[in-house]
Amino acid sequence: MDKALLFIVAALGLSTFVNLILKRFGISLIIGYIFTGTFLVYALGLQEFRHSEALEGAAEFGIVFLMFTIGLEVSLSKMNKMKRLIFVNGFLQVGLNSVVLFLFAYYLFHLDFVSALIVSLAFALSSTAIVLTYLKNSKEIHTPYGQRAMGILIFQDLAVIPILILLGVLSNESSQPLSEILFDTAVSAVLVLGLLFVFGKQLFTWLLHFSASAQTDELFMSSVLFIVVAASYFAHAMGFTYSLGAFVAGMIIAETKYYHKVEADIAPFKDILLGTFFILIGMQIDLGVFAQNYLLVLSLFIGVLLVKTVVTFLALRVTDSTDTAFKTAVSLSQVGEFALVIFSIASASKLIDDDLAGIAMLVVILSMVVTPFLIPYTQKFVSLFVKDAHYIETVDDIGAVKDHIIICGYGRVGQYVQQHLDMYGYDYIIVDNNPKLVKKALDEGLQAYLGDMSKTAIIEALHAKDAAAIILTLDNPEMKALISQKVLDVNPQANIIVQIASAEERQALKDIKILNAVDGEIEIARILVERVMQCDLSQKKKIDKNYK
């Protein structure tokens with residue numbers, strides 16, 4: 001008990017300190033938790049503590065809450081909206097990578113069939129935690145490559161469920177034929193999903209409604225915890241992993257109006273428990289194995305990154321441009337956190353050799369450590385191979401946004417507008433049809449898109465109908481008139497603010513019902529007079545006196 005308490009205190013203190021440092025460099029907190037586990041095992045001599053049942057139980061609940069929050073993100077409506085990006089691109093990426101990696105593992109490294117299958121499925125997955133965090137923070141999640149990466153990551157998260165079910169089937173020691181096991185598993189899966197979606201949805205919605213009506217945060221939080229644990233236990237009782245029940249519960253709640261509150265309330269629990277899981281993963285790292293096999297680990301790390309990049313690029317190039325396919329492939333080239341879950345379960349179930357699991361986990365961790373340093377330079381790396389590669393080529397739907405300001409045109413005036421909006425703290429997005437100006441905005445960390453706003457598809461993708469204002473700072477009078485009319489066609493009440501610099505522009509826009517037109521000549525005259533009125537008039541009095 002004393003050692004356990006010592007470990008918990010040391011883990012909390014060290015992980016907090018390490019992650020505060022890593023946060024300053026934009027590095028994923030996952031790396032800090034893994035480092036904490038590895039360091040403490042060797043620093044405190046707690047090798048025998050690696051298989052603590054208490055820690056493993058907490059770590060398993062970390063995965064449960066992670067799957068629950070992923071379920072919140074992949075609601076049925078969102079999956080329907082992104083079905084091509086998720087199911088077509090995702091299936092191609094996971095399927096082709098799994099096949100190619102399996103062939104390498106089975107024929108080149110001579111692994112047995114089960115080991116090769118598990119390794120290939122695990123290595124085909126990428127890091128949702130690291131990649132999505134970067135895409136959201138950099139605002140590149142709304143670019144074509146960001147949308148494709150997000151769609152593929154959602155499919156990978158969905159694919160974890162059948163992979164975990166497969167591990168359960170493979171570890172089944174009964175003499176029952178495989179065909180019967182698969183049939184029973186399929187029937188149980190339909191039963192679990194049916195009961196949760198039909199009866200569970202009504203129960204969950206009713207429980208959240210009454211706990212929210214009570215206006216007591218503790219009661220609402222306890223209701224959420226009950227839903228997660230109950231759904232997890234039900235799935236486990238039916239022969240599946242706890243994660244499956246939590247994932248389905250998340251998908252169900254995502255369809256309710258309590259989605260945002262649940263997501264915010266559950267975040268601290270998920271992060272703490274998930275941190276425990278990654279600390280436990282760090283404890284499993286055997287530095288002796290790395291010292292003996294460092295050349296093999298480094299070779300596998302480089303090989304996996306290259307194979308995944310090439311295969312993912314070829315899979316996406318069929319439907320996407322070279323630039324978009326390449327950037328997506330590079331961003332998803334690493335191996336993700338769920339591979340650690342798979343290897344941990346497979347090793348505990350004796351499906352793969354402990355030494356193989358140790359080497360594979362070292363490869364995963366190394367790729368996750370490198371990714372935060374690699375992914376910000378994706379564009380520069382792609383530019384070495386793709387001529388005239390731009391950040392984005394078109395605008396995908398930018399997601400649920402409302403009351404934002406759209407700056408159409410990022411020339412000199414547009415840049416001044418952006419700076420003043422920053423001063424007042426307004427949310428805005430930039431759109432321009434000049435790749436250099438868009439690149440400049442993105443280099444400055446702004447949310448910018450390459451597109452022609454005279455196109456209805458671009459107007460809808462930018463949610464101009466829900467925008468608080470649309471500021472046109474373009475130089476071309478005809479283009480200003482065309483964009484204004486197109487926006488008004490979509491939303492007759494749109495708050496369009498147009499800069500008018502000449503009589504020619506005034507004439508071109510006279511028949512368009514624009515709410516706010518800023519006439520440059522009139523405004524300059526007004527400002528000049530205001531400046532005069534603000535002057536110290538004592539000088540004028542002195543001049544008048546001298547003349548008298």
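Modeller: One term before we begin: helices here are DSSP runs of at least four residues, numbered from the N terminus. Also keep in mind that this is a predicted model.

Colleague: Thanks! Which helix gives the most to the nonpolar patch?
Modeller: That's helix H5, residues 83-108, which contributes 4 residues.

Colleague: And which residues make the nonpolar surface patch?
Modeller: Val 99, Leu 103, Tyr 106, Tyr 107 and Phe 113 make it, and the patch covers about 520 Å². Val 99, for one, lies in helix H5.

Colleague: Let's go inside. How many cavities of 30 Å³ or more does a search of the whole structure find?
Modeller: The search turns up 2 of them. The largest cavity holds about 40 Å³ of space.

Colleague: Which elements give two or more residues to the lining of that largest cavity?
Modeller: Helix H6 (113-123) and helix H8 (144-170) do.

Colleague: What residues line the largest cavity?
Modeller: The lining is made up of Leu 117, Ile 118, Leu 121, Ala 122, Ile 163, Leu 166, Leu 167, Leu 170 and Ile 342.

Colleague: How many of the lining residues are nonpolar, polar or charged?
Modeller: By class there are 9 nonpolar residues, with no polar and no charged ones.

Colleague: New topic, then. How many salt bridges does the structure hold?
Modeller: There are 2. One of them joins Arg 148 and Asp 320, whose closest N and O atoms are 2.8 Å apart.

Colleague: Where do Arg 148 and Asp 320 lie?
Modeller: Arg 148 lies in helix H8, while Asp 320 is in the loop between helix H13 (287-317) and helix H14 (322-331), so the pair ties together parts that are 172 residues apart in sequence.

Colleague: Is Arg 148 buried or exposed?
Modeller: Arg 148 counts as buried because its relative accessibility is 9%, and buried means under 20%. Asp 320 counts as buried too, at 8% relative accessibility.

Colleague: What does Glu 444 form a salt bridge with?
Modeller: Its partner is Lys 440, and the closest N and O atoms of the two are 3.1 Å apart.

Colleague: What is the relative accessibility of Glu 444?
Modeller: For Glu 444 the value is 42%, so Glu 444 counts as partly exposed. Lys 440 is partly exposed as well, with a relative accessible area of 33%.

How values were computed. Residues numbered from 1 in each chain as written. Predicted model: local features only at pLDDT ≥ 70, side-chain atom pairs only at ≥ 80, totals over all residues. Heavy atoms only, no water. Patch = residues over 30% accessible without salt bridge, like charges linked within 9 Å, V, L, I, M, F, W, Y side chains within 5 Å. Areas by Shrake-Rupley, 256 points an atom, 1.4 Å probe, with all protein chains shown as cover. Salt bridge = Lys/Arg side-chain N within 4 Å of Asp/Glu carboxyl O. 1 Å grid on protein atoms, 1.4 Å probe; cavity = no way out; pocket = protein on both sides within 12 Å on 5 of 7 lines; lining within 4 Å. Points joined across faces, edges and corners; volume = space filled by probe spheres on them. Nonpolar A, V, L, I, M, F, W, Y, C, P; charged D, E, K, R; others polar. Buried < 20%, exposed > 50% of the residue type's maximum accessible area, 1.4 Å probe, protein only.
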